[in-house]
Amino acid sequence: MLTLALTLLCTLPLILSGNANGRAAADDYNYHWIAIQKFAIEWPSPDMSDYQSATTPGYHLLLAPLVHAGLGHMGTQLVALIWTLAFFGLLCWYASRTLGRAAALVCLPLIVSMYTLFPGVWLLPDNAGWFFVLSMLLISLRAPTGWPCWLASGVLLTALIFMRQIHIWIAATVWLAAWLGSDTPGLATLRAFFVDGLARSGRAFIAIACTIPAFGLLLWFLLMWGGLVPPMFQGQHQGPNPATPGFILLQLAILSVFFLPILLPQLKAVWAHQWRWVLLSLGIGVLLALLPASSYSVEGGRFGGWWNLVRLAGSIADRSPVYVIGAIAGAAVLPIWLSLVPRRDAWIWVGTMIAFTLAQSANHESWQRYHEPMLLIMIALILARSELFRTSRVRVMIGTLGLCGMLAVLTVSSLIQAKPYKPIEKPFETRAQVNAIVEVP
């Protein structure tokens with residue numbers, strides 16, 4: 001209840017005041033609100049072949065009948081807030097099973113992060129997608145597994161793809177969880193991962209079959225649109241961005257700074273027992289840090305958020321020292337985070353982060369708002385499923401509060417500096433038009 005109360009305390013004043021400043025408001029009024037109104041006008045036969053959102057239309061279609069019935073923008077915001085309450089509430093409920101009242105503290109970074117708070121204020125489909133992602137992660141992480149879990153994941157995945165097609169990546173998590181099964185002792189080596197391959201393959205095949213409807217739905221949209229996004233947005237988001245994997249690692253490194261008093265003591269044990277994995281992670285991190293261009297670039301999709309640090313520090317030969325150091329640091333700290341949870345959890349997080357990173361790398365825009373929520377979810381679930389609150393309770397609380405403080409300062413600063421949004425006559429000519437109104441955080 002405390003989590004939900006804090007969420008309402010942070011969101012309702014912005015909604016009821018009619019705040020229309022900043023990037024999130026611009027995305028709301030110039031894109032998603034227009035799409036909702038379009039479907040409301042066309043109701044009950046909305047045309048989904050082209051509309052003012054780069055996402056699949058589920059979020060907009062659920063709100064369209066209410067707008068068709070006469071609900072205004074503010075009323076629609078209040079209804080859409082349910083997604084954010086469900087997202088935060090589910091995470092807090094799950095964490096409370098092991099952490100008790102401390103679960104509210106674990107959820108607090110998500111509440112104060114602008115990338116999860118703003119979708120609770122303005123009409124953005126982000127948190128609806130993250131709610132389903134979290135639901136499927138929780139199912140995959142639970143040790144007792146079987147066909148009811150895979151069937152439930154298939155249903156949730158279909159609903160998720162109807163909201164945000166980019167999250168098709170989490171199907172890989174479902175398959176991996178089925179492959180691992182319920183009882184997975186001795187998974188410390190890669191060879192052990194393939195032991196009893198016949199039984200593992202059978203489980204994975206059933207899980208794959210359960211996700212086929214979601215892939216069919218995605219294929220239907222792709223054929224209707226002639227691309228990965230509606231025609232209005234084709235050419236904007238499509239196209240790989242090789243800097244995204246390193247940027248995700250950089251963000252993990254920044255978020256992990258506040259937990260160094262916990263992570264650094266763990267390094268000795270990780271190196272003693274899993275040094276090969278540490279070296280592998282570092283090797284991959286070095287490649288991801290050095291190979292792609294990593295200077296600040298609007299045209300390259302590398303701007304906003306922590307990319308502003310890259311801009312301030314400058315670059316050499318189109319490579320940013322901040323990016324390089326941050327990506328390598330993130331690769332170093334990831335095995336330490338994974339060492340804090342049971343072995344099966346660690347395997348699932350490895351597969352999840354690989355699939356998530358590959359999916360995000362297919363987007364030309366390497367924007368922090370697409371990545372940070374996933375990293376915050378991972379940290380929250382690791383804290384909830386580890387023994388840290390029992391062995392290092394004070395350090396965890398201090399680290400979490402420090403992280404919340406940084407995220408809150410960035411969020412408040414963004415709100416203070418945000419300019420009123422401006423309607424754009426032709427919002428689909430270039431992807432930079434909304435960003436020209438306000439610096440994209």
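**Reading salt bridges and a surface patch**

Mentor: Helix α8 gives the largest share of the nonpolar patch, three residues. This is a predicted model, in which local features need pLDDT of at least 70, side-chain atom pairs count only at pLDDT 80 or more, and totals for chains, interfaces and linings use all residues. Residues are numbered from 1 along each chain as its sequence is written, and side-chain values use heavy atoms, with hydrogens and water left out.

Trainee: Which residues form the nonpolar patch on the surface?

Mentor: A patch is made of residues with over 30% relative accessible area and no salt bridge; nonpolar side chains (Val, Leu, Ile, Met, Phe, Trp, Tyr) are joined within 5 Å, and like charges within 9 Å. Here the patch consists of Trp 147, Leu 151, Val 155, Phe 205 and Ile 206, which together have about 560 Å² of accessible area. Two elements, α8 (147-163) and α11 (197-225), each give two or more residues to this patch. Accessible areas come from the Shrake-Rupley method with a 1.4 Å probe, and for residues only the protein chains shown count as cover. Helices are DSSP runs (H or I, at least four residues), numbered from the N terminus.

Trainee: Is Phe 205 buried or exposed?

Mentor: Buried means under 20% relative accessible area, exposed over 50%, and partly exposed in between (1.4 Å probe, protein chains only). Phe 205, found in helix α11, counts as exposed because its relative accessibility is 60%.

Trainee: How many salt bridges are there?

Mentor: Side chains of opposite charge can pair when their charged atoms come close. A salt bridge is a side-chain nitrogen of Lys or Arg within 4 Å of a carboxyl oxygen of Asp or Glu. By this rule, the count is six.

Trainee: Where do Lys 38 and Glu 42 lie in the helix?

Mentor: They are four residues apart in helix α2 (residues 22-42), so about one helical turn separates Lys 38 and Glu 42. Their closest N and O atoms are 3.0 Å apart. Lys 38 is buried at 17%, whereas Glu 42 is partly exposed at 27%.

Trainee: Which pair links distant parts of the chain?

Mentor: Arg 164 and Asp 126 meet in a salt bridge (3.6 Å, N to O). Arg 164 is in the loop between α8 and α9 (171-180), and Asp 126 is in helix α7 (residues 126-141), 38 residues apart. Arg 164 counts as buried at 11% relative accessibility, and Asp 126 is buried at 9%.
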